[in-house]
Amino acid sequence: MQLALSEAHESPPKPSNFRVGAVLVDEGNNKILATGYTLELPGNTHAEQCCLQKFAQSHDLPEERVGEALPENTVIYTTMEPCGLRLSGNLPCVERIIRTKESGKAGISKVYLGVKEPEKFVGENKGRAKLEEHGIECIHVPGLEEQILSVATAGHEQ
Ligand SMILES: Nc1nc(=O)c(N)c(NC[C@H](O)[C@H](O)[C@H](O)COP(=O)(O)O)[nH]1
Ligand SMILES: [Zn+2]
């Protein structure tokens with residue numbers, strides 16, 4: 001989770017979202033597959049979305065087909081739980097994570113999260129239940145909550 005937090009620090013502060021960091025990991029051999037932070041890639045992107053897009057690009061695939069290249073025990077660490085709804089209307093990261101398992105692919109099997117999403121933009125985030133319904137384990141990694149939230153909200157008027 002520390003690496004995900006350091007990624008979050010790279011994100012440009014913005015009042016209408018949270019600064020989040022994420023790391024895609026092959027848990028089978030603890031290999032980092034991709035890192036990402038909010039707005040790293042063009043187009044109002046989320047940290048988890050950037051991880052998936054970068055890994056897909058490294059395999060000449062569009063993000064929606066990233067599941068074809070992900071190794072067996074892929075997990076994602078994200079400082080904030082994946083979004084289930086976005087004010088911008090863009091595809092939420094919960095959907096992006098679930099679709100990695102489409103057509104029987106192993107996809108992402110676990111989501112390690114640092115904090116729940118504060119109910120600032122979209123009310124309660126119901127994404128975790130949806131992930132679990134699709135057999136994706138959500139594991140809260142405690143201990144960094146304060147640091148994660150102060151980074152996440154740095155672009156908000158205090
Ligand atoms: N898990 C997560 N990773 C991110 O990289 C990020 N920025 C958020 N933020 C969640 C928040 O709910 C949305 O940022 C707002 O709902 C605004 O939506 P947009 O980001 O503009 O699509 N959540
Ligand atoms: Zn998201």
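From the fold to the ligand

Guide: Thr74 counts as buried because its relative accessibility is 0%; buried means under 20% relative accessible area, exposed over 50%, and partly exposed in between, with a 1.4 Å probe and protein chains only. This is a predicted model, in which local features need pLDDT of at least 70 and side-chain atom pairs count only at pLDDT 80 or more, while totals for chains, interfaces and linings use all residues. Residues are numbered from 1 along each chain as its sequence is written, chains are lettered from A and ligands numbered from 1 in the order in which they are written, and side-chain values use heavy atoms, with hydrogens and water left out.

Thr74 belongs to strand S3, which covers residues 74-80 (helices, H or I, have at least four residues and strands, E, at least two, as DSSP runs numbered from the N terminus). In sequence, Thr74 and Gly107 are 33 residues apart, yet their C-alpha atoms are separated by 6.6 Å in space.

Val122 is also buried, because its relative accessibility is 18%. This residue is found in the loop that joins strand S4 (110-115) to H4. Between Val122 and Gly84 there are 8.9 Å, C-alpha to C-alpha, across a sequence separation of 38 residues. Helix H4 itself spans residues 127-133 and contains Glu132. Glu132 is partly exposed, because its relative accessibility is 44%.

Helix H5, residues 145-152, holds Gln147, whose relative accessibility of 42% makes it partly exposed. Gln147 and Val25 are 122 residues apart in sequence, and the C-alpha atoms of the pair are 22 Å apart in space.

Asn30 is placed in the loop between strand S1 (21-26) and strand S2 (31-37). Its phi is near 55 degrees, which is a positive value in a residue other than glycine. Asn30 counts as exposed because its relative accessibility is 61%. Asn44 is found in the loop between S2 and helix H2 (47-58). Here too phi is positive, about 50 degrees, although Asn44 is not a glycine. With a relative accessibility of 25%, Asn44 counts as partly exposed.

We now come to ligand 1. There are 19 residues around it, and of these Thr38, His46, Arg86, Ser88 and Glu117 come nearest; a residue is near a molecule if one of its heavy atoms lies within 4 Å of it. The shell divides into 9 nonpolar, 6 polar and 4 charged residues. In this division, Ala, Val, Leu, Ile, Met, Phe, Trp, Tyr, Cys and Pro count as nonpolar, Asp, Glu, Lys and Arg as charged, and the others, Gly among them, as polar.

A polar side-chain atom of Ser88 is 2.5 Å from an oxygen atom of ligand 1. From the side chain of Glu48, a polar atom lies 2.8 Å from a nitrogen atom of the ligand. Ala47 takes part through its backbone: an N or O atom there is 2.9 Å from an oxygen atom of ligand 1. On its own, ligand 1 has 500 Å² of accessible area, of which the protein covers 98%; such areas come from the Shrake-Rupley method with a 1.4 Å probe.

How values were computed
A polar contact is a pair of N or O atoms within 3.5 Å; within protein, one must be able to donate a hydrogen and the other to accept it, and residues adjacent in sequence count only if both atoms are side-chain atoms.
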